[in-house]
Amino acid sequence: MIEKCTKVIGGRLAAFAVAAGATRIVYAGLRRRQGGHERWQRRNHAGRTVDLYAGPAVTAGALLGALPAERRGAAALAVLAAGACGAYDDRYGDDRRGLRAHLGALRGGEVTSGAVKLFGIGAAGLAAGALLKERPLDKVLAGVVIAGTAHAVNLVDVRPGRAILAVLGLAVPGLPRGPLAAVPMGAAAAVAADDLGERTMLGDAGAHALGAALGSAMAAGSGRLGLAAHAAAVVMAAVYGDDVSRWAADSPM
C-alpha cells in the first residue's frame, strides 16, 4: 500500500517538475535570446510594457509535462493546437471580442484570428476527446470540456495572476485522479511570479495552452456525469463570456 501511494505521488511530482522545469528553461531562453524585441512586447491593463514569453514557455512546459503521463497523446495534441492558435491570435489578432463578432465577420467572408481559435481549438479538443474516451457521447463531451476550458481560462486572463490562480485552483481536485492535473499546475507555477510582477503575460497562447491541459486532465479523470457537468460549466462561461471577464477583472485575486 505504501509502495503504491509512493508511486502515485511520485508520478504527480514528476509531471509537475517536468512541466515547471521545461517552462522555466524556455522562458529564460526566450528572454535571453529575444531581449526587448517589440514583436514580443505588449502593454498590459495598467499601461506597462510586458513581454509575451510566458505564452510559448507554458505551452512547451505543458506539452513536455504531459508526455510521460497516461493518455499523453490526447493532452499533447490539445495543448499544442491551443498554444499554436493562441499564438496566431497574439501575432495577428485585433480588438474584436466575443463569438458573435468573429462569427459575424466569418459570415461576411473574413476569417479572423478568433475564428481560427474557435475552429482550430474546437477541432483539436474533439480529436483529443476521441482519444481519451471510448463511447461516442463521452468523446463529444470530453472534446467540449477540453476546448471550453481553454476558452474559459483565456476569458479570465484579464489581469495579472487571474488565469494562473484559476488554473492552480481548478487543477488541485484532479490530482487524485491522475498525473495530468499536475501538468498545468507545474507550467503555471513556473511563471506565476513573473505574471504577478507584471514582467510578462500569458497572452492567448499561454492561457489557451494551460486551459487545454487543464481540460484534458478534467476530461481524463471524469465519468459521464462529471463530463456533462464540466461541459455545461464551460458552455455557460462562453455564453456569458463578457460577464466572466468583468468578474475576473474586478476580483481582488
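Visitor: In which helix does isoleucine 146 lie?

Guide: In this predicted model, isoleucine 146 belongs to helix H6, which covers residues 136-156.

Visitor: What makes isoleucine 146 count as buried or exposed?

Guide: Its relative accessibility decides the matter. Buried means under 20% relative accessible area; isoleucine 146 has 2%, and therefore counts as buried.

Visitor: Which residues does isoleucine 146 touch, leaving aside those up to four places away in sequence?

Guide: Among them are Ala78, Gly125, Leu132, Gly211, Ser216 and Ala219.

Visitor: Why is helix H5 called roughly parallel to helix H9?

Guide: The axes of H5 (residues 113-132) and H9 (residues 203-220) cross at roughly 25 degrees and come within 11 Å. Angles under 35 degrees count as roughly parallel, so H5 is described as roughly parallel to H9. The crossing of H5 with H9 is right-handed.

Visitor: Which residues make the contact of H5 with H9?

Guide: H5 contributes Lys117, Ile121 and Leu132, while H9 contributes Asp204, His208, Ser216, Ala219 and Ala220. Sorted by class, the contact has 4 nonpolar, 2 polar and 2 charged residues.

Visitor: Why is the pairing of aspartate 194 and arginine 24 called a salt bridge?

Guide: The definition asks for a side-chain nitrogen of Lys or Arg within 4 Å of a carboxyl oxygen of Asp or Glu. For aspartate 194 and arginine 24 the N to O distance is 2.8 Å, so the pair meets the definition of a salt bridge. Aspartate 194 lies in helix H8 (residues 182-196) and arginine 24 in helix H1 (residues 2-34), so this pair ties together parts that are 170 residues apart in sequence.

Visitor: How do you know whether aspartate 194 and arginine 24 are buried or partly exposed?

Guide: Aspartate 194 has 8% relative accessibility and therefore counts as buried, the limit being under 20%. Arginine 24, with a relative accessible area of 35%, is partly exposed, since that term covers values between the buried limit and 50%.

Visitor: How many salt bridges does a search of the whole structure find?

Guide: The search finds 8 salt bridges, including one between arginine 48 and glutamate 198, whose closest N and O atoms are 2.8 Å apart.

Notes
Residues numbered from 1 in each chain as written. Predicted model: local features only at pLDDT ≥ 70, side-chain atom pairs only at ≥ 80, totals over all residues. Heavy atoms only, no water. Axes fitted to C-alpha atoms, helices over the stretch in contact; angles between N-to-C directions. Helix = DSSP H or I, 4+ residues; strand = E, 2+ residues; numbered from the N terminus. Parallel < 35°, antiparallel > 145°, perpendicular 65-115°, else oblique. Left-handed = near helix turned anticlockwise from the far one by under 90°. Contact = heavy atoms within 4.5 Å. Nonpolar A, V, L, I, M, F, W, Y, C, P; charged D, E, K, R; others polar. Buried < 20%, exposed > 50% of the residue type's maximum accessible area, 1.4 Å probe, protein only.
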